[in-house]
Amino acid sequence: MSEQSTRTPHAEGLNRRASRLHAGVDQTGPAVTDQSKPPPEAKVIDPGIGLTMRPAGARDLDELVRLEQVCFGAEAWSWQIMAGEITGPDRAYWVIESDQGGLVGAAGLSLGKDFAEVMTVEVDPVAQGRGLGRVLMDQLMEKAKQAGLTRVLLEVASNNAAAIGLYQSMGFTAIGRRQGYYQPSGQDALVMQLQLSP
Ligand SMILES: CC(C)(COP(=O)(O)OP(=O)(O)OC[C@H]1O[C@@H](n2cnc3c(N)ncnc32)[C@H](O)[C@@H]1OP(=O)(O)O)[C@@H](O)C(=O)NCCC(=O)NCCS
């Protein structure tokens, strides 16, 4: 398979789990600055369970990497990759934080000229099945609309029933398949698309 066939639809995007495509990432990671105050965009999801959704910041990196590991195992992004993602100029990353400390979910979007691309959505296994994945995806779709984009693409492992179920329930439809896309698992990816109403 050619490397080209493993790339995302976003020309400058990165293969969701194929870390070999990140060989050029500076191993020292980008310079990141932290946020000392909660941003105005922060949303309390449910005061009863103490969860707040807000834009990701540098202070979240260690927790984001932990989430990656519990959600994706061998295909988890490294600290350096995640640092590059949350500080990228065309990226929008959100996290769900527990009042008890720590993150229970995260999701990120790449904002292109013609379409947005979901880079990741992940909910800690201990918090899955409670609607948080949908809350994160809704936030990303809102962000895409705010950026004036109506087409959203994503890739998902063809055996990931939970994620495919989530995306289908939001109206995403499969438009293609990339064989052996994910590394190191070799799993195929489905390419899915959603047309948002403006
Ligand atoms: C995919 C993931 C983000 C879903 O998050 P979640 O918080 O558990 O999902 P939600 O509770 O918001 O469920 C939303 C919808 O997803 C679908 N869904 C969730 N779990 C499902 C499952 N096990 N099987 C089929 N559909 C499922 C359902 O349509 C559900 O809606 P419903 O509850 O009204 O039926 C979560 O399973 C996860 O983090 N998985 C590991 C990381 C991952 O694979 N991310 C996707 C990368 S492409």
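Analyst: A nonpolar core is a set of buried Ala, Val, Leu, Ile, Met, Phe, Trp, Tyr and Cys residues joined through C-beta atoms within 7 Å. A residue is buried if 20 or more other C-beta atoms lie within 10 Å of its own, exposed if 12 or fewer, and partly exposed in between; C-beta atoms are placed from the backbone. The model is predicted: local features need pLDDT of at least 70, side-chain atom pairs count only at pLDDT 80 or more, and totals for chains, interfaces and linings use all residues. Numbering starts from 1 along each chain as its sequence is written.

The largest nonpolar core holds 43 residues. Trp 94, Ile 96, Ala 106, Leu 136 and Leu 154 have the most contacts inside it. Buried residues account for 32% of the 198 residues in the protein.

Take Ala 106. Contact here means C-beta atoms, placed from the backbone, within 7 Å. Setting aside neighbours within four places in sequence, Ala 106 touches Ala 56, Leu 64, Leu 67, Tyr 93, Trp 94, Val 95, Thr 120 and Glu 122. Across the protein, 55% of contacts between residues at least 6 apart in sequence join residues at least 24 apart.

Now the fold. Helices (H or I, at least four residues) and strands (E, at least two) are DSSP runs, numbered from the N terminus. There are four helices and eight strands. Their order is β-β-α-α-β-β-β-α-β-α-β-β.

Leu 64 also takes part in a helix pair. Helix 1 (residues 61-72) packs with helix 2 (residues 79-87) at about 115 degrees, their axes 10 Å apart. Axes are lines fitted to C-alpha atoms, for helices over the stretch in contact, and angles run from 0 to 180 degrees between N-to-C directions. Helix 1 contributes Leu 61, Leu 64, Val 65 and Glu 68; helix 2 contributes Trp 79, Met 82 and Ala 83. By class, that contact has six nonpolar, no polar and one charged. Ala, Val, Leu, Ile, Met, Phe, Trp, Tyr, Cys and Pro count as nonpolar, Asp, Glu, Lys and Arg as charged, and the others, Gly among them, as polar.

Last, the ligand. It is surrounded by 19 residues, the closest being Gln 128, Gly 133, Ala 162, Gly 165 and Leu 166. Strand 5 (116-123), helix 3 (132-146) and helix 4 (161-169) each give two or more residues to this shell. Helix 4 supplies the largest share, six residues. The shell splits into nine nonpolar, seven polar and three charged residues.

Note on methods:
Near = placed C-beta within 6 Å. Contact = placed C-beta atoms within 7 Å.
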